[in-house]
Amino acid sequence: MKRQNVRTLALIICTFTYLIVGAAIFDVLESQEENPRKELDDRRRELLKTYNLSADNFDELERVVLQLKPHKAGVQWKFAGSFYFAITVITTIGYGHAAPSTDGGKVFCMLYALLGIPLTLVMFQSLGERINTFVRYLLHRLKKCLGMRRTEVSMVNMVTIGFISCISTLCVGALAFRHFEGWSFFHAYYYCFITLTTIGFGDYVALQKDQALQKKPEYVAFSFIYILTGLTVIGAFLNLVVLRFMTMNAEDEKRDAEQRALLARNGQAGGHLHCDADPGSSSSTPSGCGGGGAVGGSGGGAASRGLRNVYAEVLHFQSMCSCLWYKSREKLQYSIPMIIPRDLSSSDAYMEQGEVFSNPLHSNGCVCSLQRHSGISSVSTGLHSINTYRGLTKRRSSI
C-alpha cells in the first residue's frame, strides 16, 4: 500500500477516534449541568400560575423575548455593526449575535461569503508565509550577531517562536477584553481562543455591552484590529505547522512520478549501453545484462533487468569506497534470487583516492569512482556506472 494511502487511512482513524473521545468527555462534563426538560416545564407552569398568564400569552411573550435578544446590545446594522458582521462572515467566526432578517440580506450574505471566505483564507495564508519568512530572517541575523556557530534557523526554532506568539496574542487579548467587558481573565481568554480559532460559539461576544458599537469607537477599532491581527498570527502558525502536513501527499505523488520517469528513461539507456561481454565467458550472452535473451531482444526487458541490477547493487552496497565488500553469493541469491545475477558477488572493486580504475579483463569490469561530496560511490557490475540513477539515492540516503 502506498504511503499516501496509509497516511490518509491513519488520519481518518485518528480523527474519528478523537471525535469519540471528545464526545465521551463532553458527555461526562456537561450532561449533569444541562437542565432536563421536566424542570423547564415545571418552571413554565409556575410562571403561568404566578402571573396569571394563558398559554397563548406566554408563547407570545417568549417570541418577543427571542426577537429582542439580538437588539439588547443596541443597533447592530449601522456601519460599525455591519463591518463587525462582515468580519465574522468572511473569517468564518460566525458568532450568531446578528443575522440578516430580509431575503435580500440573506441572498447577499451567501454570495458575499462565497467569494469572501476563499479570498480571506488565501490572504491569511500568504500573509502568514511572509511573516514566517521575515521571522526566519530576523532569527538568522540574531544568531549571526550573537556569534553562534550554527546560524541556520531550524523548524524547531520557528515552531517555538510561533507557539510563543500565539500564546502572547491570546494573553494580550484576554487582558484587554477583561478590562472592556468586565469578564474574568479565564472567560476573556476563552473568548479570544474561540474567536481566533474561528469556532465562534457566540456565548461570549465582544461589543455587545452598553451600546459599545455606537458609543465606544476606540474599543470598536481595537476589537477589529485585534481580531484581524490575531487571525494573522494564528494563520502564520498554521502555515508553519499544519500546511506542511497537508502537502505531504502531493509532494510524495510528485516525487514518485519524477522517479518513475527518471528510472524509465535511465533504464532504457542502461538496457542499450551497459551490456558488456565477459571475455572469460564461453557464453555468447553478455554477462552485464544479467543473462536472459539476446541483446537484440526486447528493449523493455533488458532495461528492466539492467535497472533491477543497479537497484540491487545499491541495496546491497555495504560501505563507502574505502572498504568495499558485497554479501556472499549465497546470501545474495537466496535473499532476492530473481533480481541478483549469479555472478554479482564475484565482482571486485578497485579504488584509489581521486582516480578511477577499471579492469576489462577482470570479472565483469566493475568500476568504482569516488565522487566529491557524494553520499554514495558509483559502483557497477556489468554496468559501468550508476551515476545516472541519482533518483535512487533519495530513497537510499542511509547507505
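These are my notebook entries on a predicted model.

**Ground rules.** I number residues from 1 along each chain as its sequence is written, and my side-chain values use heavy atoms, leaving out hydrogens and water. Local features need pLDDT of at least 70 and side-chain atom pairs count only at pLDDT 80 or more, while totals for chains, interfaces and linings use all residues.

I take helices as DSSP runs of H or I, at least four residues, numbered from the N terminus.

**Tyr84.** I listed its contacts (heavy atoms within 4.5 Å), leaving aside neighbours within four places in sequence; they include Tyr95, His97, Leu213 and Phe224.

**Positive phi.** Most residues other than glycine have a negative phi, so I checked for exceptions. Asparagine 52 has a positive phi of about 55 degrees; I found this residue in the loop between helix 2 and helix 3 (55-68), exposed at 70% relative accessibility. Glutamine 211 has a positive phi near 50 degrees; this one sits in the loop between helix 7 and helix 8 and is partly exposed at 36%.

**Cysteines.** I searched the whole structure for disulfides (cysteine sulfur atoms within 2.5 Å) and found zero. Cysteine 14 is partly exposed at 49%, and cysteine 145 is exposed at 63%.

Conventions: Buried < 20%, exposed > 50% of the residue type's maximum accessible area, 1.4 Å probe, protein only. Helix = DSSP H or I, 4+ residues; strand = E, 2+ residues; numbered from the N terminus.
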